[in-house]
Amino acid sequence: MSGCGGGSAASSEAASSGNTASGFTSSAAIAVTDPVTVGTLKGMSDALVVGDHIVVRSRSDAFVTLNGQPVYPGTRLSVLDKQGKLVSTTDYGFTLAAGYTGDWVMMLSPDGFIMVQSTSGTRLQHFDAQARLVGGVTDLYPTVAATSTTEYAAAENGGAVDGNGFWLATTFSLLPVTDKTQYVLKLCKFDFSGRQLTPPFMISTSALHPRVAAAGGAVLAGWLEGGGGMLAMWSKGAGAPTIRSINTGGSQPYPLVLTTDGKMGVLWNGKATMTSTGGVMGVMIDNYGTPLLATGRTDLTQETLSAHWDGNVRATVIDAHAYKGGIAIAGSAVGALKAGEPITDVLVLADYTLGTDPLSSSAQTILRFTLPGRAALGPTPVLRQMLFDDHAVLLIGDDNRLQAVYTTRNR
């Protein structure tokens, strides 16, 4: 697979469009190599760049049986070099949290990285740069007994590193959880040892699925409330966050760092459900959490970033990063790579340049390609871009395997 003519096992295509006035260009600036299978890893949950290499979190071999089916924790940590080649792997199984099959938030720390439970708890674990467990466990908030009916228990977490610590947005609820449970949301900054650097600010009394982005002393939290998207924007030097609703049509907002000095944006998928297709959308926002739109425009559903993806967007979780003055997005769409070809999973690498115009009208560079033999992705694909100064490694994970694709961009 190659964006510059090489590779016969797979195919690629520069997306084409007559809409040159919008700044859309072909994919000559993005090139990819043939995919390489990474060891026997499967079920990738997350990954991050740690120094000059990559740490991947994937499915453990340990499992518990629920409703007659095995459920695996995502606690295998593997080190890959900057080319995507497997160097080492450690399966922590349930040693990080007994019986816990929920997800984890991975964040960089000064001496490696940390992981915080993202569901049903706030357990903090430390790892060195080679993914070796360091020290003991810290609970960021007091644990609550499963039999308690009077204490608020942590339910979901979203986090992001900023300078001397990390921000954590946490939902809490009374037990037992039912279909009528209300979740309050608190935002707090911790240092890397787990000590609170700010008081936990209550920012919502009815919240689901918190996400956080932070940079340059600014922090942006996003969540769903009453079926609509909400933002809490905490500008550098402000005493408390500014909270506002945004009309994303009930879709999950994903806060995004745009620049190192604290410029923020938010992305979302155009459909709220896990099974419906929809476009990837996004806006830049000001210091008060207000979307920056074209004059006279108020409808956020017009802020599409995937008009040239030529297919129905498949992934509901968006992988996006600030990269060299713009945004790099990896996604997948169900469609044909070229007219007349079979419908399949088409992978998309898309770059968007930041400027003074709304994000949806920024200059765009897009590459569409398929896996060898137009192979389909697994039922729950996860895409992660590992960005280095001179290249990137696109990790493509599903239930069956993990593949690495070497990527270059002409920026």
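**Aromatic contacts, sheets and selected residues in a predicted model**

K186 lies over the face of F172, with 5.3 Å to the ring centre, a charge being taken to sit over a ring if NZ of Lys or CZ of Arg is within 6 Å of the ring centre and within 35 degrees of the ring normal. The structure is a predicted model, in which local features need pLDDT of at least 70 and side-chain atom pairs count only at pLDDT 80 or more, whereas totals for chains, interfaces and linings use all residues. Residues are numbered from 1 along each chain as its sequence is written, and side-chain values use heavy atoms, with hydrogens and water left out.

The mean pLDDT of the chain (the predictor's confidence in each residue, from 0 to 100) is 88, and 91% of the residues reach 70 or more. Over residues 1–9 the pLDDT is below 50, and this stretch has 22 contacts in the model beyond near neighbours in sequence, where contact means heavy atoms within 4.5 Å. Residues 16–22 also have pLDDT under 50, and for them the model has nine contacts beyond four places in sequence. Where pLDDT is low, the predicted coordinates should not be read in detail.

The structure holds 10 aromatic pairs, for which rings of Phe, Tyr and Trp (its six-membered ring) are required to have centres within 6.5 Å, with planes under 30 degrees apart counted as stacked, over 60 as edge-to-face and the rest as tilted. One of these is the tilted pair of F63 and Y72, at 5.6 Å centre to centre and with 55° between the planes. With a relative accessible area of 45%, F63 is partly exposed, and Y72 is likewise partly exposed at 28%; buried means under 20% relative accessible area, exposed over 50%, and partly exposed in between (1.4 Å probe, protein chains only). The rings of Y141 and F190 have their centres 5.8 Å apart and their planes at 90°, so this pair is edge-to-face. This pair links distant parts of the chain, since Y141 is in the loop between strand 14 (133–139) and strand 15 (152–162) and F190 is in strand 17 (residues 184–191), 49 residues apart; strands (E, at least two residues) are DSSP runs, numbered from the N terminus. Both Y141 and F190 are buried, and together with F166, F172 and F192 they form one aromatic cluster. The ring of Y72, for its part, has the charged end of R59 over it, 4.4 Å from its centre.

Six bridges join strand 19 to strand 20 (residues 218–225), and R211 stands opposite G222 in strand 20.

Both R211 and G222 are among the residues touched by P255, which, not counting residues up to four places away in sequence, also touches V212, A213, L220, A221, G265 and V266. P255 is found in strand 23 (residues 253–257) and counts as buried at 13% relative accessibility. K236, by contrast, is exposed, with a relative accessible area of 67%, and is placed in the loop between strand 21 (228–234) and strand 22 (242–246). Leaving aside neighbours within four places in sequence, K236 is in contact with G216, G217 and A218, while the C-alpha atoms of K236 and D261, 25 residues apart along the chain, are separated by 9.6 Å.

S173, in strand 16 (residues 165–174), counts as buried at 2% relative accessibility. Beyond residues up to four places away in sequence, S173 touches E151, Y152, A153, T181, Q182 and Y183.

Definitions and conventions: Helix = DSSP H or I, 4+ residues; strand = E, 2+ residues; numbered from the N terminus. Pairing = 2+ DSSP bridges.
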